[in-house]
Amino acid sequence: FAAQRHVLTYMEDAVSQLLENREDISQYGIARFFTEYFNSVRQGTHILFREFSFVQATPHNRASFLRTFWRCFRTVGKNGGKYSSICCYLLTAQEYHCLLQLLCPDFPMELTQKAARIVLMDDAMDCLMSFSDFLFAFQIQFYYSEFLESVAGIYQDLLAGKNPNTVIVPTSSSGQHRQRQPLNDCNPLEGVEASLFYQCLESLCDRSKYSCPPCALLKEMLSNAQRMTFYGFLVALAKDQGINRALGALPDKGDLFLDPAMDQELEKLVAQISGLSMSGPASSSGDTANVPVRNLPRINSPWKPLHHRRKMDAESEGSNEETDSSEN
């Protein structure tokens, strides 16, 4: 059970965080730190602003990152919706990558580009994409990245008439992804026999230690075609709502822009901002008694940023000392 749930990974990370932030943690105790750390793991907020090697370390981390990305930026896709006046509807791959980097600063551009190719193909990488198209393509590419690398090798071997059982399953979780060889999928007559392709995928899923889509869903998807290209396989994976439900990170496409809990928080935030802006003239005249005091909801943040805040405080203190010395 411990290995299946990657308990050791989280214990090692918790101890590392404890040692790195021991001065802050000593103020309220180790027991409280571990309680809050594992609560954040359970809630899926533990991946915020963390390094990519940690974000992609476990299936739970990947699902948490996907869910967080959706909840933070789903209003990007609300074309004509309530918040459409402050959001864009279509974005480029580079712009989506910037959004990903807001949550994970060192998120690799390569994964974003691979997800964009599922939507746009290689010859249209500069085109705009809707949020829903990019999100479901990104989900498949990010969550099943090792699986897709192996499938690409199997597909190439089948095209060349080789034995796909010689394909090596990736064993490294360092976050370094091999450059996928360009696949000539433009000709609809090309591709491999779908039934043989499925047999190879079934064998891959049986021996792979990484996350793979359910074999029953792969069989159902491939049984509807006689031949299948690799690009067609990626598109089918991204559009299959059965695979999306099995993964469990995102809602169905029809419910993609529905999140009542987040909408309620947005309503509160908009009301607070509106109230403060309306009280602006009174405060400028010196009458601050009428400005309402609101307690903003406290959001639990991961422990990693504490280290950065201490560094920023130290730098700020240093700059103040320089200013004081220059004034003297």
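1. Helices here are DSSP runs of H or I with at least four residues, strands are runs of E with at least two, and both are numbered from the N terminus. Phe49 is found in the loop between helix H3 (30-43) and helix H4 (52-55). The phi of Phe49 is near 60°, a positive value in a residue other than glycine. Most residues other than glycine have a negative phi. With a relative accessible area of 40%, Phe49 is partly exposed; the scale sets buried at under 20%, exposed at over 50% and partly exposed in between, for a 1.4 Å probe and protein chains only.

2. On provenance, this is a predicted model, in which local features need pLDDT of at least 70 and side-chain atom pairs count only at pLDDT 80 or more, while totals for chains, interfaces and linings use all residues. Residues are numbered from 1 along each chain as its sequence is written, and side-chain values use heavy atoms, with hydrogens and water left out.

3. Taken as a whole, the chain has 16 helices and 4 strands. Of its 328 residues, 41% count as buried. Among contacts (heavy atoms within 4.5 Å) between residues at least 6 apart in sequence, 71% join residues at least 24 apart.

4. Leu148 belongs to helix H9 (residues 145-160). Its C-alpha atom is separated by 8.5 Å from that of Leu234, 86 residues apart along the chain.

5. The axes of helix H5 (residues 59-73) and helix H6 (residues 93-103) come within 11 Å and cross at roughly 115°. Such axes are lines fitted to C-alpha atoms over the stretch in contact, with angles from 0 to 180 degrees between N-to-C directions. H5 and H6 are therefore roughly perpendicular to each other; angles under 35 degrees count as roughly parallel, over 145 as roughly antiparallel, 65 to 115 as roughly perpendicular and the rest as oblique. Phe65, Thr68, Phe69, Cys72 and Phe73 of H5 make the contact with Leu99, Leu100, Leu102 and Leu103 of H6.

6. A further helix pair is H7 (residues 109-120) and H8 (residues 131-143), whose axes come within 8 Å and cross at roughly 125°. H7 and H8 are therefore oblique to each other. On the H7 side the contact is made by Leu111, Thr112, Lys114, Ala115, Ile118 and Val119, and on the H8 side by Asp133, Phe134, Ala137, Phe138, Gln141 and Phe142.
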